[in-house]
Amino acid sequence: MEQTFFIIKPDGIKRGLVGEVLKRVERRGYKIERLEMRTNVPNHIIDQHYEALLSKAFYPAIREYMTSGPLIIGVLSGNQVISGWRHMMGATRPEEALPGTIRGDFAQAAEDGATIQNVVHGSDSEASAKREIALWFGK
Ligand code: DAT
Ligand code: MG
């Protein structure tokens, strides 16, 4: 069965959306294989997680945001869960995310104007899912 890695980001936790996100996962029928809260996540883990974005001008703001509070991390399994969870999350930019998706229903323009704060993360491919599960949970 396919697995994916997900995060409820600091804005999702601060805004009280943990139950809402997990409810949607369960309603969809994905299995929650692992689930943990991580506090004080060090910069180097975020840097490895977003290694493809390290050279971007906006990356420091992303790191600041991702270390601004606790994260909920987890592993989901299910039929085609990688693309399915991405569809449930919606588009990266809140203004482009369709209603009915998590980001379309809940993401807001960030007050700092520099980051895109969009509540949730999900792996974008099988290779990313493997890499991210190993990074956050170990082999
Ligand atoms: P996604 O989270 O939809 O997979 P991504 O992997 O391209 O999107 O980027 C990771 C996060 O980085 C994204 O959720 C929000 C932030 N981000 C992406 N592009 C950005 C941009 N142009 N300006 C500011 N933040 C951005
Ligand atoms: Mg991504």
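The model is a predicted one. Arg103 sits in helix 6, which covers residues 102–106. Setting aside neighbours within four places in sequence, the contacts of Arg103 take in Lys9, then Met89, Gly90, Ala91 and Thr92, then Ala97, and finally Asn118, Val120 and His121.

Some of those names turn up again in the annotation. An unreviewed UniProt entry lists Lys9, Phe58, Arg86, Thr92, Arg103 and Asn118 under "binding site". From this set, Lys9, Phe58, Arg86, Thr92, Arg103 and Asn118 are found in the lining of the largest pocket.

Arg86, also on the UniProt list, is partly exposed, at 32% relative accessible area; that value lies between the 20% and 50% cut-offs, hence the label. Arg86 belongs to helix 5, residues 81–89. With neighbours within four places in sequence left out, Arg86 touches Gly122, Ser123 and Asp124.

Helix 5 also packs against another helix. Two packed helices are described by the angle and the distance between their axes. For helix 2 (residues 18–28) and helix 5, the axes come within 12 Å and cross at roughly 135°, which makes helix 2 oblique to helix 5. The crossing of the two is right-handed. On the helix 2 side, the residues involved are Val21, Arg24, Val25 and Arg28, and they meet Gly84, Trp85 and Met88 of helix 5.

Conventions:
Residues are numbered from 1 along each chain as its sequence is written. Chains are lettered from A and ligands numbered from 1 in the order in which they are written. This is a predicted model: local features need pLDDT of at least 70, side-chain atom pairs count only at pLDDT 80 or more; totals for chains, interfaces and linings use all residues. Side-chain values use heavy atoms; hydrogens and water are left out. UniProt positions are given in the numbering used here, feature names are shortened, and annotations may be inferred rather than shown by experiment. On a 1 Å grid over the protein atoms alone, a cavity is a set of points where a 1.4 Å probe fits but cannot get out, and a pocket is an open set with protein on both sides within 12 Å along at least five of seven lines; lining residues have an atom within 4 Å of a point. Helices (H or I, at least four residues) and strands (E, at least two) are DSSP runs, numbered from the N terminus. Buried means under 20% relative accessible area, exposed over 50%, partly exposed in between (1.4 Å probe, protein chains only). Contact means heavy atoms within 4.5 Å. Axes are lines fitted to C-alpha atoms, for helices over the stretch in contact, and angles run from 0 to 180 degrees between N-to-C directions. Angles under 35 degrees count as roughly parallel, over 145 as roughly antiparallel, 65 to 115 as roughly perpendicular and the rest as oblique. A crossing is left-handed if the near helix is turned anticlockwise from the far one by less than a right angle, and right-handed if clockwise.
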